[in-house]
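Dear colleague,

I am handing over the structure below, and after it you will find my notes on what turned up when I went through it. Please read them with the structure open beside you.

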Amino acid sequence: MNYQRRQVLKSGGGMTVLAVALAAGLIRPQDALAADWNGAAFATKTVADTVKAMGGGASADSKDIQITAPDIAENGMVVPISVTSNLAKTQSISILVEKNPNTLSASFDIPEGTDPFVQTRVKMGQSSNVYAVVKADGKYYSAVKEIKVTLGGCGG
Amino acid sequence: MAEPMKIRAAMQGDKVEVKVLMSHIMETGQRKDAKGVTIAAHFIQNVSATHNGKTVLSAQWGPAVSTNPFLSFRFKGGKPGEKVAITWTDNKGDKRTDEAIVTG
Amino acid sequence: MSFPKMRVALVSSIALALLATIAGCVTSYSLSEGEAERRTVEMMKSSFRAQGQASLARLDQDEVQAVCSQYHPGQAIPREVSEKIEKAQLAAIKYPAKLMGNWQAGERVAQTGTGFQFSDGPTTPVGANCYACHQLSRQELSYGNIGPSLYQFGKLRGTSEAIQKYTYGKIYNSNAFSACSSMPRFGHSKILTEAQMADLTALLLDPGSPVNQ
Amino acid sequence: MRKQILAAVVGFFCCVGVANAQNTQQEIERYRQMIADGNPAELFEAKGEGIWKQKRGPRNVSLEQCDLGKGPGVVKDVYVELPRYFKDADRVMDLETRIVHCMVTLQGFKPEDAKRNPFSTADRTSDMESIVAFVTAESKGSKMNVAVSHPKEREMYQIGEKMFFYRAGPHDFACATCHGEDSKRIRLQDLPNLTAQKDAQRAYTTWPAYRVSQSTVRTFQWRLNDCFRQQRFPNMEFTSDASVALTMFLARNANGGVFAAPALKR
């Protein structure tokens with residue numbers, strides 16, 4: 001099953017991914033309208049499973065990936081994160097939050113001519129490790145940074 | 001129904017730096033309303049950026065991207081006066097495309 | 001317990017003069033002091049509406065609130081005024097048989113910021129929100145500084161009967177020890193239960209509490 | 001952008017590990033700088049401009065002829081002079097009160113309909129917030145210049161000041177409890193001392209603001225309403241006299257400050 005799923009996902013999406021994801025009960029039909037949206041990857045709950053669902057095996061730690069984000073976020077609803085990859089032939093950059101209900105937040109395909117850099121903002125339910133997973137020259141690499149989320153305001 | 005985006009595209013050396021704000025609720029599907037009923041997930045799933053007909057970025061998002069999303073990236077080969085177009089599609093099939101002119 | 005009208009009027013005019021200096025540009029007020037006070041209360045009553053548990057009666061001041069509104073934060077209160085408040089408030093404290101409860105429960109009360117707001121339902125937990133204004137345990141990085149740090153409160157003071165009584169009493173009615181304190185009178189105003197106040201006393205004093213590590 | 005690079009450099013040298021209070025503050029500051037570029041309030045400004053120009057209400061007219069103090073149709077720099085006395089209404093009004101006035105007198109809305117939806121909630125958005133975002137953005141970069149020359153303006157200032165120090169409710173709170181001294185915080189949020197000119201300017205000139213915790217633009221009326229909620233007071237009515245009086249006191253104390261909203265806040 002696992003092997004088969006990976007094969008399917010590697011094929012790049014389409015109806016098969018949708019069918020498998022629905023069969024697994026991971027996402028609901030209305031969540032998966034877009035054909036090029038990897039529903040299985042967005043339903044994963046661990047970093048290892050996300051990388052698998054994206055088509056990789058294990059990811060290797062890399063010093064060539066830089067995560068720029070605050071150590072402490074004043075509010076978990078908006079956590080600014082930018083990722084820069086210095087790996088040759090960077091093809092994609094993904095942002096994963098380990099302790100969110102679903103690990104994968106966003107995944108970016110970087111075509112030739114576009115800097116291996118993205119900046120966005122994600123929600124974090126609690127303090128967590130945040131991973132940047134980069135696919136470069138067909139292989140997967142990752143970097144990690146801990147971000148603390150504080151409780152703000154008057155508390156009510 | 002979807003509100004327009006705010007797109008800034010400006011030359012930074014030989015590259016075009018693009019910054020986008022999108023108007024979207026990015027509902028997680030985990031929240032409950034005042035009556036305790038779960039609010040259905042509603043979020044942007046795909047974003048693509050094109051310049052002169054060429055895709056310069058494409059993204060897949062989950063509901064953990066912040067409400068009213070912000071995105072920034074840089075690409076080579078653009079010139080002032082040219083257009084950059086951004087399109088998003090959400091899980092309910094809503095879609096929106098907006099353009100910006102690259103400034104010097 | 002009443003305050004001579006003259007003094008209140010005198011003090012408030014001094015306070016006003018001070019504020020006018022700060023604000024700088026407002027040279028003249030159009031209303032007399034008494035008129036301004038009357039109009040303020042009248043305007044507030046017509047501008048707020050009761051919602052949930054918050055009735056309009058909450059806009060009525062008790063004596064402490066009325067007097068303390070005359071003194072702005074950081075401003076010295078004449079000794080005879082503060083002594084009078086402290087004496088009367090101290091006399092009204094009711095102590096339970098057991099002053100120290102459970103610090104774990106106290107930590108939850110200290111972290112909880114809800115209760116008594118017009119948006120709070122009848123089952124919304126009522127907390128003391130201590131961390132909003134005080135440092136307590138070292139683990140909680142998100143703490144305020146309107147009040148002093150209470151880290152190692154018990155470690156520095158011990159847990160004698162007298163310290164327990166002081167700690168419980170301070171939570172029960174801050175004005176008994178420091179007139180016009182910014183801290184709510186948690187027992188006097190029936191915000192917290194006896195058990196909650198005893199739990200907070202334990203959070204501050206218990207040697208096992210994270211506050212005293 | 002330069003700020004971001006600077007922030008990144010500062011962050012690089014700052015130790016990771018058990019954060020003490022000082023580098024907690026530093027990191028929070030860095031967080032604020034990182035989100036400052038790209039304020040979703042811009043989305044609300046654009047939406048508000050659309051609503052301002054749209055024909056609405058029983059009379060099917062736009063708000064474009066609304067007189068916000070500088071004559072019908074003028075939006076530029078009106079916010080830095082509000083609240084002010086309006087002769088046609090014989091009342092001191094802040095921006096929201098005046099917008100409601102125009103919705104009633106120009107567009108023919110019933111007052112209760114014009115005031116119905118002042119603040120967004122989890123399941124509905126407020127047009128008022130967008131209109132206010134649009135109008136206030138037109139004062140960006142201008143100096144606060146609120147007059148207290150008309151007797152009614154002076155009266156409102158004086159009453160607003162009294163209200164600021166008025167302690168009541170089960171918790172004995174006044175506005176001044178949290179906003180009357182320098183360098184105070186609730187949890188990690190800095191509390192402006194609204195009786196000191198510099199803080200008063202910085203605070204007032206950064207409302208309205210897009211609140212990231214609430215995903216919407218919050219107006220000054222909302223700020224006051226929510227402060228009173230947390231003060232354990234009853235619910236302050238939208239555009240009530242008390243709200244205008246307090247706004248008068250706070251806006252006037254911010255005179256000379258450069259208006260910088262809609263801003264971005266936690």
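In chain D, ring pairs join Tyr79(D), Tyr204(D), Phe220(D) and Phe259(D) into a cluster. Please keep in mind while reading that this is a predicted model.

Trp52(D) and Phe134(D) form a tilted aromatic pair, with 6.0 Å from centre to centre and 55° between the planes. Because Trp52(D) belongs to helix 3 (residues 41–53) of chain D and Phe134(D) to helix 6 (residues 127–137) of chain D, the pair ties together parts that are 82 residues apart in sequence. Trp52(D) has a relative accessibility of 2% and therefore counts as buried, the limit being under 20%, and Phe134(D), at 7% relative accessibility, counts as buried too.

Phe164(D) and Phe249(D) also form an aromatic pair that is tilted, with 5.4 Å from centre to centre and an angle of 50° between the planes. This pair links distant parts of the chain, since Phe164(D) sits in helix 7 (residues 151–164) of chain D and Phe249(D) in helix 11 (residues 241–253) of chain D, 85 residues apart. Phe164(D) counts as buried at 1% relative accessibility, and Phe249(D) is buried with a relative accessible area of 0%.

Lys165(C) is placed over the face of Tyr95(C), at 4.8 Å from the ring centre, while Arg185(D) of chain D lies over the face of Tyr143(C) of chain C, at 5.3 Å from the ring centre.

Turning to chain B, its secondary structure consists of zero helices and seven strands, which read along the sequence as β-β-β-β-β-β-β. The C-alpha trace of chain B spans about 55 × 20 × 20 Å along its principal axes. Of the 104 residues in chain B, 52% are buried, and among the contacts in chain B with a separation of 6 or more, 55% come from residues 24 or more positions apart. Chain B exposes about 4,500 Å², of which carbon and sulfur atoms supply 50%. As for charge, chain B carries 15 positive and 10 negative side chains, and the centres of these two sets lie 4 Å apart.

Key
Residues are numbered from 1 along each chain as its sequence is written. Chains are lettered from A and ligands numbered from 1 in the order in which they are written. This is a predicted model: local features need pLDDT of at least 70, side-chain atom pairs count only at pLDDT 80 or more; totals for chains, interfaces and linings use all residues. Side-chain values use heavy atoms; hydrogens and water are left out. Rings of Phe, Tyr and Trp (its six-membered ring) pair if their centres lie within 6.5 Å; planes under 30 degrees apart count as stacked, over 60 as edge-to-face and the rest as tilted. Helices (H or I, at least four residues) and strands (E, at least two) are DSSP runs, numbered from the N terminus. Buried means under 20% relative accessible area, exposed over 50%, partly exposed in between (1.4 Å probe, protein chains only). A charge sits over a ring if NZ of Lys or CZ of Arg is within 6 Å of the ring centre and within 35 degrees of the ring normal. Contact means heavy atoms within 4.5 Å. Accessible areas come from the Shrake-Rupley method with a 1.4 Å probe; for residues, only the protein chains shown count as cover. Lys and Arg count as positive and Asp and Glu as negative; His and the chain ends are not counted. The place of a charge is taken as NZ of Lys, CZ of Arg, CG of Asp or CD of Glu.
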